[in-house]
Amino acid sequence: MLVLSRLFDVLIHTQRNHYDQTKFDSILKATKEGEWKSLLPETEVAEEDSPVKKLVLQQGNDDDENVPPRGSTVEINYVGILGGSQEHWSVDDVIECWLQSQQGLSILEEPFRSMNVDGTVLMDPSKFTEEFVAKDLGVSNKIQCKKTIMAAKRLWNQLEEFPEGAEFDSSSKREKSFSFVLGEGKVIKAMDLVVATMRVGEKARVVCRSDYGYGSEGYRTVKGDVVVPPFRTLCFDIELVSS
């Protein structure tokens with residue numbers, strides 16, 4: 001999946017490790033207090049628990065009631081921020097976002113459900129141990145057991161290098177808005193979904209699970225530098241400039 005791909009290649013490496021804590025704290029406050037709307041047509045979870053959800057920060061122009069149609073060229077300003085760790089994942093999130101992406105481990109779906117392996121379990125090295133995987137999840141194959149632990153360790157290790165709240169991209173830093181054709185898959189799923197609901201002048205926040213962002217691959221520059229690590233939740237603040 002691609003989003004804003006041609007722009008990411010000009011990122012400065014240190015940009016992802018420095019962020020405005022005050023700004024991030026204000027984002028967290030608004031995120032907790034606001035009214036979230038799921039961007040999925042049908043969902044069995046609460047709006048605030050949707051894998052991709054929107055929070056309106058500023059209403060659009062009163063004289064423009066139409067949202068941009070599929071195939072139209074839209075122009076946006078945006079800020080991209082790394083979301084929280086996978087500790088917030090539900091059992092379904094763990095299975096759908098992570099387990100099913102691990103080669104040879106999808107057979108563990110039922111044990112993960114029966115043992116209620118959510119993000120708090122998966123991301124806790126004191127709980128998600130080789131003993132837990134072998135005895136409680138029933139993985140008797142030692143190689144498969146170690147493979148499962150190594151996959152979890154990759155999630156644990158990424159949090160230090162890519163902290164929550166780190167700004168990984170912004171149109172303002174290039175002093176240029178970003179344009180794309182809506183609905184053609186040129187951006188991540190979450191971006192297509194949220195912009196399709198916006199009016200010109202509207203500002204919105206979208207938080208998306210990794211499978212609506214960069215998924216199991218994450219995003220790297222052409223030089224191989226990691227910009228967004230695999231399986232990471234993302235947060236974007238977006239303004240629709242024109243459509």
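How many salt bridges does the structure hold?

1. The structure holds 12 salt bridges, a salt bridge being a side-chain nitrogen of Lys or Arg within 4 Å of a carboxyl oxygen of Asp or Glu. This is a predicted model, in which local features need pLDDT of at least 70 and side-chain atom pairs count only at pLDDT 80 or more, while totals for chains, interfaces and linings use all residues. Residues are numbered from 1 along each chain as its sequence is written, and side-chain values use heavy atoms, with hydrogens and water left out.

2. Glutamate 109 and arginine 113 form a salt bridge at 3.5 Å, N to O. They sit four residues apart in helix α4 (residues 109-114), and so about one helical turn separates them; helices (H or I, at least four residues) and strands (E, at least two) are DSSP runs, numbered from the N terminus. Glutamate 109 is partly exposed at 28%, as is arginine 113 at 34% (relative accessible area: buried under 20%, exposed over 50%, partly exposed in between; 1.4 Å probe, protein chains only).

3. Glutamate 130 pairs with lysine 146 in a salt bridge, with the closest N and O atoms 3.5 Å apart. The pair ties together helix α6 (residues 130-136) and helix α7 (residues 142-161), as the two residues are 16 apart in sequence.

4. In the salt bridge between glutamate 167 and lysine 173, the closest N and O atoms are 3.1 Å apart. Glutamate 167 is buried at 7%, whereas lysine 173 is exposed at 52%.

5. A network of salt bridges links Asp93, Glu96, Arg209 and Asp211.
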